Amino acid sequence: MPAPPRVDSSVPTPLGLRTISSATGASRLRTPARWVGLLGLCLAGTPLHAASEPPRPTPSTVPGELTVSLGLARGSYWSFFRSTSPAYMLELTARYSPADAAERPWRLVGGLRAGPSQVGSAQVPLEIFARAELVAPLGSWTPGVGLELGGSGLAAFSEGGRRGAAQAVYQLEAGRIGPPYLAVHALPLTFSLGQLHFSALELQIGTSIWPTATVTRLTLGLLSVGGAL
Amino acid sequence: MNIGHDSTDAAKTLQFQMPYMVAMQSIYRRMFVRIFLTLPLAALGCGQPPPTIAPERVALLSALADQVSGDRAMGHVLSLVAEHQADTPLDCSQWDASYEPDCSLTRDRSRAWLVGRLSELGLEVSTQEVEDGVFSTSNVVADLPGTSRPDEIVWVGAHFDAFYAGADDNSSGVAALVELATVLSGHSFARTLRFIGFDLEEFGLVGSSRYVLAEPDENLLAGIVFDCIAYYDETPGSQQALPGLQMPDTGDFLGVVANDDSTQLALDVFALSGALQTVQVLEVVAPSDGAYALTGNLLRSDHAPFWLEGDPTLFFTDTANFRNPHYHTPQDVPDTLSTDFLEQVIRLSVASLAWWAEVNP
């Protein structure tokens, strides 16, 4: 088997990392640096050969757009014994979109949802979430689908129940309900009109992460309106 | 459940004449219902050992099962229905009784009847009381102590509260409990056999949840919960499928509901139903502990608290409202039930419990 090509350790790679040669002639990056390098590659999306080319303006150097929106959503939660009544929630989101949406069709979203206190027995009727979205920009129409990770204080079920007798089984249930959740989020009617951002009928279905799937959540984003900062 | 049977059994195992994978494929094709396509496959796990029961054990279990009397069990149903009809319902003005059957729930006389029958059999009967106003509960617990491993408990339970006459729901289950106690109390077992009557199941698994919370450290090796086990109908269209499941459309099988922890028990029951030619079983295995929002219909009886606590437990049922049109109505009366079906369910239960508790020859 031919030996792998040796790499001169004195030559820096495009990312400024150096390679070393092993005793067998195999070359590899130093371990910590390798992971940093790989992470950098993933995040920057920059080809290795790019650094050897003359610097030139690229779309990635153009700042993206940051949008802040306020919306109204309605959601319910189901456990294996009970469900909450559908409740309205206010949603505040910040959304980052790269400027070159055609080449980088994704958005990063973070936000908060606040529900009324009558959602089950919620002690903290809030959700905090982060979401990565893939976008299919078609002019001003920018539908997308995303994966949302969050923590919810809204998946708290009423203690009483109709008869008020089942406290013991609810006590057993409570040990299986936790805040972390994962959800798929669809945005079929999202529009960017200049500095303005509109979205309607966003649909989200998700589940508690741990214990897995003990709580299912369904949320409908009714309307969200925002503007670029 | 292969829970520490002696090496003689292991050396003389009956493999049911089928290679393991063929047996599993047969199970998948004919009897096991797939939940949401892939989950049950993961739940069953191809690493499970095949059911193995020594031939002489099969003969012994068969002889035990043959002691079951369907007529005697149906007599118990009639007695229990009479007790419910003579009882005074709970005062439903004390809660939001918007569900109409709430105002017909009775339990006191059926509990007294159950205590009486179990006591007559010489079992150690006790009650587990929880004071909570109108929702106070009193579970009935009767033990047949094991001869060599009394701390290891194999149990069977049924709720004794009922709406209206409650013939199928759940006098059939309580009658089966008493018939099991009648047959099994005439024998001895290595492990303790426990018979439990649960209170207030209809109001949210109240008695069984309180039982689990009060006895968290018990060594419960295997359990069966009966809830509605005597309604039978071979008419096409008589069986509705549980949401998300494919099921036969004839109500001529016993539903056996398991989770990961009780998969081996389900395999044992499946094997015994074939070996003893009892009743056709349809086994549903919920993944993990079964506590998923989408599997809520599989947690609708007293086995659920035991699942949540990790205790291996099976749920035996005729599927209640998915088959029985008289569910929670005044028409749930003994005339609508099948004595033969009830007898076969009890025969299968006798064999299963005796196998798990290790009947002494």
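**Exercise 1. Which residues of strand E6 (residues 126-135) of chain A form its covered face, and which its uncovered face?**

Solution. The covered face holds Glu127(A), Phe129(A), Arg131(A), Glu133(A) and Val135(A). The uncovered face holds Leu126(A), Ile128(A), Ala130(A), Ala132(A) and Leu134(A). Strands (E, at least two residues) and helices (H or I, at least four) are DSSP runs, numbered from the N terminus.

This is a predicted model, in which local features need pLDDT of at least 70, side-chain atom pairs count only at pLDDT 80 or more, and totals for chains, interfaces and linings use all residues. Residues are numbered from 1 along each chain as its sequence is written, chains are lettered from A and ligands numbered from 1 in the order in which they are written, and side-chain values use heavy atoms, leaving out hydrogens and water.

**Exercise 2. In which sense does E6(A) pair with strand E5 (residues 106-114) of chain A, and with strand E7 (residues 144-152) of chain A?**

Solution. Two strands pair if DSSP finds at least two bridges between them.
- Step 1: E5(A) and E6(A) pair in the antiparallel sense over nine bridges. Trp106(A) has Leu134(A) as its bridge partner in E6(A).
- Step 2: E6(A) and E7(A) pair in the antiparallel sense over nine bridges. Opposite Glu133(A) stands Gly146(A) in E7(A).

**Exercise 3. Why do the rings of Tyr96(A) and Trp106(A) count as tilted?**

Solution. Rings of Phe, Tyr and Trp (its six-membered ring) pair if their centres lie within 6.5 Å; planes under 30 degrees apart count as stacked, over 60 as edge-to-face and the rest as tilted.
- Step 1: The structure holds 13 aromatic pairs over all chains.
- Step 2: The centres of Tyr96(A) and Trp106(A) are 6.3 Å apart and the planes stand at 45°, so this pair is tilted.
- Step 3: Tyr96(A) lies in strand E4 (residues 87-97) of chain A and Trp106(A) in E5 of chain A, so the pair ties together parts ten residues apart in sequence.

**Exercise 4. Is Trp155(B) buried or exposed?**

Solution. Buried means under 20% relative accessible area, exposed over 50%, and partly exposed in between (1.4 Å probe, protein chains only).
- Step 1: Trp155(B) has a relative accessible area of 0%, so this residue is buried.
- Step 2: Phe306(B) is also at 0% and therefore buried.
- Step 3: Trp155(B), Phe198(B), Tyr211(B) and Phe306(B) form one aromatic cluster.
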